[in-house]
Structures are given as C-alpha cells and as structure tokens.
Amino acid sequence: MSASNARRPYKRPMGGWWRKNPYFVEYMVHEGTALFVAAYALLLLAGVFALGRGEAAWNSWLALLRSPPSLLLHGVLLLGFLYHTWTWFNIMPRTLPPILIGGERVKATTITRAGLAAALVASVLVFALAARLAS
Amino acid sequence: MKAAPRTIRIEVLRYRPEQDKEPVVQGFDVPFTDDMSVLQGLQYIKDEFDGTLSFRWSCRMAICGSCGMMINGVPKLSCSTFLRDLYPNTVRVEALAHFPIERDLVIVLDDFITKLHKIKPYIIPKEPRALSQGEYLQTPEQMAQYEQFSACINCMLCYAACPQYGLNSSFIGPAAMALVHRYNLDNRDGGRAERDPYVHSEEGVFNCTAVGYCSEVCPKDVDPANAVNINKTESAKDYFLRFLKPKGAQA
Ligand code: SF4
Ligand code: FES
C-alpha cells in the first residue's frame, strides 16, 4: 500500500454496546440474574459452614434466615431465579442438536416448554421434600 | 389508482474518507411509494440528491446478501425492508455494525472473506473418487441433516448482531460456523478433521456467550447460533476425550 492510498477504513467504537439495542439490554439483565443464583449459593454455603461450627451457629443461621430482611431478600432472589429459569429455557433450543421424534424435528417452543415443565416439577419435588422434613 | 407518494426522512451515516474525519449523519427527504424498499430509497437519494452516496446491492430480492445495513439500529437487508413499514418515523441507516466502514454504507468485509476461505466451505471427499464412479447419491434424510445451514447467503447480518465479534473480531463468528456445520454434516464430506482445529481454537466457538441475536436477525432462518453452540459440545468433547485416549493414539 502506498502513502497515497485514499482508503481509511473507520472502526466504530464498541463502548456502551449493550445499551444500543433492547435485545442486548435484555441479554445483560438475564445474564445478570446469574449473580442472584451465585448469591443464593453463597447463602447456602454459609449454612453449611454454620452447621460445621456446631448447633449454636446453625441455629443462629436459621434465625437469620427467618428475619424480615432475609425474607425480603429471598423474595427478590426468587424473582431473579424465575427470570433466569425462563430465559435459560428460552435459549435452550438454540444450543441443542436437532431432536427427532418419529422422524419429525421437535419444535423450539416444545423444547422450551418441556424445560420449564421439568423445572416446575423439580421445584415442586424439592418443596414437598422440604415440607416433609420440616414437619 | 396509484396513491400520491409520501415523503419519508432518511438519515444516512456518511463517511467519505477523503473529507470526513469521522462519520457524519446526513438527512434526506425522500418521496416514496408503497412498493419501495430502503434500498430504493437510497437509490433515489443517489439519483436525485447526491451521486456520491455509496452502498452495495445486486439482486434486490434477498438472495445475494450484498445490501445488509443497520436500519434503525437493527441489521437488515435493505432490499427487503420497506419504507412503508417505517413511515412516518425517520429512518436511520448506517453501515453494518462491527465492521470497519470503507465508505458510507460500504463495509470492509475482508475479515469475513478470510474466514470463509479458512473453513474450506466445500465438499472435501472422504476418499478420491473417479469420474467413472458417477455422481454422489444422497437421500432426502441425508440432505435434511444440513439443509438449513446451507441456506446462508453470506449477508453478514449475524456478525453485525454479534457483540462478541464486535469486541473481538478474531472470533470465527456465526455464519462461518454455520457453514462449517453445513459441510461437516454432509454425508459426502470428509473434511471435518481439516476444519476442527480452527473451530476448537482460541478464535473458535467458545468466544460465543449465547447472546442469540445472530439467529434472530438472520433473514434465511439459518440459526447460526445453533451451529455455534452444537459445536461447543463437540469442542468440549474433543478437549476432554483426548485425556482418555491411550498415549500415542493421537495423530
Ligand atoms: S447465517 Fe444468516 S445472517 Fe448470517 S450470513 Fe448467513 S444468511 Fe446472513
Ligand atoms: S440486494 Fe441482494 S440481498 Fe438485497
């Protein structure tokens, strides 16, 4: 290329890319809900540590869980989890190889619904188990 | 009876390297009829207002893949996007995102062409075949395996939709992966081993964070995100299974 080359390709900056399209904003939000999942994992981990430190620590951890701020936190985290679950199964069909049933390709919406149904069933089972253990 | 033409405002992000330090917006009031696409709006501007306006196009029927641009921030084929659907709002037209702008709406697409070459997008026979053996036969089931991925028209809208590509253009990206997948799935092809190193490399599939917008904007329902993500599984298998293979088994 000679110095007289008139070409001067312009590269546009990427700063703030995720604010430029509602699709990307939603992407950042649903990826952000992964932090809710991580936060709850830490909460449970703290419980395991408390258990390891003896009965008193365990009981105070339980008491902490029952406090109003904790209940509020649980509510907020639950909302985050629900949105996370919803978006997770929405993207799932894009990540799977074609599933054939009777020679027909299973539709994306069917995969999403099956995933959501599985999440619901699993949640009910865990809840039932917890209720049984608590009684 | 023909309705009188209405007028729509088209704002074009212009870039003339010989005079503009950086791109500038220029607006035009364009009379249009119901059958006019954004591409035809641009042609009107070029014919009537400013002959220096540059943009690519060829087929005008959504098959050549030349006329992609950002229309109101969304990657679209300008020949199949109609002014009547955008009216009365102003239309903002800009060169495809994530690619360098050569001039006005024309992008530098060398990077994509290099990637296309790299993935060997053609059938690499499993074994040498003599002409006398005749043509390959393929059943409809065998064709169905890859047909969706063969619909790609190389319009690059998916790259303009991929923030990961925008942030790191060494990423192989959606359409190139869709084509890798298309040939790998073809029962006549034996080229997978030649394509695999690129797919599994640093520039390969794992740059994808499953944003999924590529598949959303694809005008041919190729679902390139699907090709990328299926190959993540393949890539992970390739990585981990090597530890299970007996020593020296790898070529
Ligand atoms: S995969 Fe779709 S959006 Fe991407 S280049 Fe091919 S046709 Fe265009
Ligand atoms: S001009 Fe060919 S795809 Fe639009």
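**Exercise 1. State how confident the predictor is in chain B and in the complex.**

Solution. The model is predicted: local features need pLDDT of at least 70, side-chain atom pairs count only at pLDDT 80 or more, and totals for chains, interfaces and linings use all residues. Residues are numbered from 1 along each chain as its sequence is written, chains are lettered from A and ligands numbered from 1 in the order in which they are written, and side-chain values use heavy atoms, leaving out hydrogens and water. Chain B has a mean pLDDT of 94, pLDDT being the predictor's confidence in each residue, from 0 to 100. In chain B, 96% of the residues reach 70 or more. For the complex, the ipTM is 0.88 and the pTM is 0.91.

**Exercise 2. Describe the contact between chain A and chain B.**

Solution. Begin with the residues: 21 from chain A and 36 from chain B take part in the contact (heavy atoms within 4.5 Å). Next, take the area: the two chains bury about 2,500 Å² between them, 51% of it on carbon and sulfur atoms. Buried area is the accessible area (1.4 Å probe) that two parts lose on being put together, summed over both. A:Tyr10, A:Arg12 and A:Arg94 supply 30% of the area that chain A buries against chain B, more than any other three residues.

**Exercise 3. Count the salt bridges between chain A and chain B.**

Solution. A salt bridge is a side-chain nitrogen of Lys or Arg within 4 Å of a carboxyl oxygen of Asp or Glu. The count between the two chains is 4. A:Arg94 forms a salt bridge with B:Asp223, the closest N and O atoms being 3.2 Å apart.
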